[in-house]
Amino acid sequence: MSLSTARSFLSEACYGEQELDANSALLELDKGLRSGKPGEQCEAVVLFPKLFIKYPFPILINSAFLKLADIFRLGNNFLRLCVLKVTQQSEKHLEKILNVDEFVKRVFSVIHSNDPVARAITLRMLGSLASIIPERKNAHHSIRQSLDSHDNVEVEAAIFAAASFSAQSKVFAAGICNKVSEMIQDLETPVDLKLKLIPMLQHMHHDASLASSSRELLQNLVTSYPSTPMVIVTLHTFTQLAASSLIDIPKQLQLLLQYLKDDPRKAVKRLAINDLKLLAKKAPHLWIRENTQTLCECALSSPYVSLKLGMLAVLSTLSETIAIKQYFIPTTVSSASATPRITDLVKLAQECCYHSNLSVAAHGIIVLSNIVISCPEKDIAHLEQDTILGLESLLMLCSQDDSPSVQATLKTTLTSLVKLLKSRPHLSQSAVEFLLGQLHLSCDSSRVLMCHTLSAIATHLPVLGDSMLGDLVDLYRVASHSSTNKQQELLVSLATVIFVASQSSLSAEVKTVIKQQFDNVANGWTVYRIARQASRMGCHELSSELYQSLRTRVASEHFYFWLNSLKEFSQAEQCLTHMKDGDYSEAMSAIAEALRSYQKGIASLTAASTPLNPLTFQCEFIKLRIDNLQALSQLICTCNSLKTSPPPAVATSLALSTGHDLQSCGRISLQMKLCMDEFKSLAACYADLHQSSFDADCATLRNVELQQQSCLLVSHVIEALILDPQAASYQEYGPLGSVQSESEYERRLMSVFTHVLEEVETLNKKHPPVSYLHTGCLCDAIIALLKVPLSFQRYFFQKLQSTSIKLALSPSPRTPNEPISVQNNQQLTLKVEGVVQHGSSPGLFRKIQSVCLNVTSTLQSKGPGADYKIPLDSTTNEIEQRVQPHNDYFSTQFLLNFSILGTHAVTVEASVVDESGIEWKTGPKTTMSVKSMEDPYSQQLRHQMQQNAAQPAPQRSAYSRF
């Protein structure tokens, strides 16, 4: 295996390689490091970050960094620079270095070199290591000395190292602060060096006195050095220090606004605007009305478009926070009658809505719409129409231009429109009519964004769907004339709006129009995306036909099986939508037909899975759907058994004699009890699926919750109608009516839930259990639930977030099946290390706050001599710990007791806790064997006892007493 082989091994992006492979790659890189050719040495050094990504555990990272430290100590300056870059790229792995002292010792030896460049690289290396050696006095001393160097390269490196250590160490920051102050105030210090020293003061926030002295120094510098570069650097350092210390943010706001208002230099004004935006995001609650008013006055009086745009960006950020409410709170009795009509903020926003610069107009629209959303409706009735007119004029301008900047402005404007319509639904009708009219006149990029907006509006207000359907179908007929990417995207977006507007009931005309475009210009990927959207919206008849047409157009058998499974699932759901109320035999037939399709689909889905893409969620979701349909079918059969197998004639007298009223119903009572337990079990399985789907989007998780709620509803109906009406209670999983439904599927399912509960309550009040009315009500509830087309949400097709945990246990066995030996009078220290691995979009839906590790051990088989030992309290260990990952790495230890001789199975299972405190069962689960052996002393005593027990007892005789 050569260096090129190691490079090819490290270039693979997958995880799960064996430790031997990683060690082999490390050995090959080590050969490259020891090569006599500088090129091969450099190539080996730059491959180390890939090795760290491939195997991010301390045992290998420690060895690798020690080898890099040797190269740093013995190599030339270019090699040292390469090692420095590797260290900076691998900053998150530095804390995994086990021999920190030895590593720093090898690196630090270069600081005594006569070469100033070597010393400079060493200082930067020490600065990069500040997170793991913040309190090293020799490093502190070397940085102090190098600040007095006459070599500019070394001084700049010392400044970098000093800034890094100041951010990590309170002691170093307090000690270096006076030194930095003297250098800045010294007249002999060049101005360019002062500009590099000043940003170091932003790290002097470890205590109040240090922050106060740094702020005084910066205040003097702003006054003493009025040049533009000096003012810019000093003000920005001022802002960073205030943002870190928090207590000085109000003063900093006043200072920045003063410079924005009084300083004539555009560069200083631009810096003040950027810093104001930073503070608007950091602490909007500290913006008082006077601050916002000053900013509005500056924006109104500024003749420069770029500066006006920056100030409006700050105001648009503030308008989304509590600062906008503080601005409109009356401060005095005389202003108590003031309304948003006469404020400078409203005046500014109204002026900018029709500005020639589209970005300025967009920010004006954002501010105006946020004012309308946040203020009471009675105070801003006059502003609603102004906002809508401004939005329409800006949309009309942006929709004609397909340049990226204008499209970004259009997207921002449409987002504001959706937020406004959610807050003010009565404005939706006119906005939808305008968008539909504009769709015919816009470019393709703008049409796609407008379709997304119409989908959001129709989802929130489904009553508007019918009114927009005709125009959308007409547009779809003439939408695409070529196969460009934008045209394909437009086809998908238009189809999505049509699915949302039609509310899962497509007419034959609409299907014909959609399929006609497929034959003309749509490619296979576009057809698949449209079919996927149809499955999400419940249009299963169309999606089934589309999947059917795509099956033979793919190049892999896994893709074929995937599309075939989707076709079968769509056909299964299509069977359920044609059921009629009250026709229970037809319902049984429809469920049986759906189950046949689902069984075919789950077989194809299993064949479509691969080791890299196991389709775990999809398989579990479909299996639960099959179990749910089987349980519903069994429940209908049980309801029918009241007719086919009525209670015997003696059932009433038997019920009176035993005191159990349900005995009068005959065998149906026991069957109903079994059905109720089955649905409760299904609800628990859906809860487990929900808990294991950490990477799922919110809509998918809500869909799983709805499936769980439907199972709980059926079990509640069984209990309320038949088993125990008095004790029945519906334990809903999450709020039912207290939240706004985010999809048509959820809205329809909620209405079914409400209707079923009302019917059950009405029936219980009028009729005693159990009669044909009760079983009929139960069957009607089942049919109503099944008639709502199932929605296959995004996570079923697409995983946008990927999170996995990789565990390493020590001690580890030499071979996989070999147990670890431990004496029964000792305890085993089990060290668990783990790495959190992310995909391309980490933390998109939720982030890991901590990792919960659960260690359990169970006795598998007793060893020899175990019968002679006195057992302790238990033969098992159960320990749980929570650890917070740092830089995606965590480590902890467990102390396990194996007092019972024999072989024990130790299981380590990991789960994650998100920022909301919710625990998710993500896994993995790792198992190892431990063999508990008897200690030598106890073994010797046991043998002696056995020998003594085996010897025959001496026989007593008449002479034995003498």
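## Helices α18 and α21

In this predicted model, the axes of helix α18 (residues 305–319) and helix α21 (residues 358–374) come within 9 Å and cross at roughly 25°. Angles under 35 degrees count as roughly parallel, and α18 and α21 are therefore roughly parallel to each other. Their crossing is left-handed.

On the α18 side, the contact is made by V305, K308, L309, L312, A313, L315, S316 and S319, while α21 contributes S359, V360, H363, I366, V367 and N370.

## Helices α31 and α32

The crossing in which α31 passes α32 is left-handed, and the residues of the contact between α31 and α32 divide into 14 nonpolar, seven polar and four charged.

## The sheet of β1, β3 and β6

Turning to the strands, three of them form an open sheet in the order β1-β3-β6, and the pairing within this sheet is antiparallel. The edge strands, each of which pairs on one side only, are β1 (803–810) and β6 (889–897). From one strand to the next, the twist averages 25°.

Strand β3 (residues 827–838) pairs with β6 in the antiparallel sense over nine bridges, and K831 has Q893 in β6 as its bridge partner.

## Strand β4 and its partners

Strand β4 (residues 848–862) pairs with strand β7 (residues 902–914) in the antiparallel sense, and 13 bridges are found between these strands. Within this arrangement, V855 stands opposite V908 in β7.

Strand β4 is also joined by seven bridges to strand β5 (residues 877–883), and these two strands run antiparallel. Here the bridge partner of S857 is N877 in β5.

## Backbone details in the loops

Most residues other than glycine have a negative phi, and most peptide bonds are trans. Against that background, a cis peptide bond joins S810 and P811, with omega at about 5°, and P811 lies in the loop between β1 and β2 (820–823). Another cis peptide bond joins G923 and P924, where omega is about 5°, and P924 is found in the loop between β8 (919–920) and β9 (925–933).

The backbone of L615 also deserves a careful look, for its phi is near 55°, a positive value in a residue other than glycine. L615 lies in the loop between α32 and α33 (616–644).

## Confidence of the prediction

The mean pLDDT of the protein is 85, and 88% of its residues reach 70 or more. Over residues 332–341, however, the pLDDT is below 50, and beyond near neighbours in sequence this stretch has nine contacts in the model. The pLDDT is likewise below 50 over residues 732–739, a stretch that has 14 contacts in the model beyond near neighbours in sequence. Where pLDDT is low, the predicted coordinates should not be read in detail.

How values were computed. Residues numbered from 1 in each chain as written. Predicted model: local features only at pLDDT ≥ 70, side-chain atom pairs only at ≥ 80, totals over all residues. Heavy atoms only, no water. Left-handed = near helix turned anticlockwise from the far one by under 90°. Helix = DSSP H or I, 4+ residues; strand = E, 2+ residues; numbered from the N terminus. Nonpolar A, V, L, I, M, F, W, Y, C, P; charged D, E, K, R; others polar. pLDDT = per-residue confidence, 0-100. Contact = heavy atoms within 4.5 Å. Axes fitted to C-alpha atoms, helices over the stretch in contact; angles between N-to-C directions. Parallel < 35°, antiparallel > 145°, perpendicular 65-115°, else oblique. Pairing = 2+ DSSP bridges.
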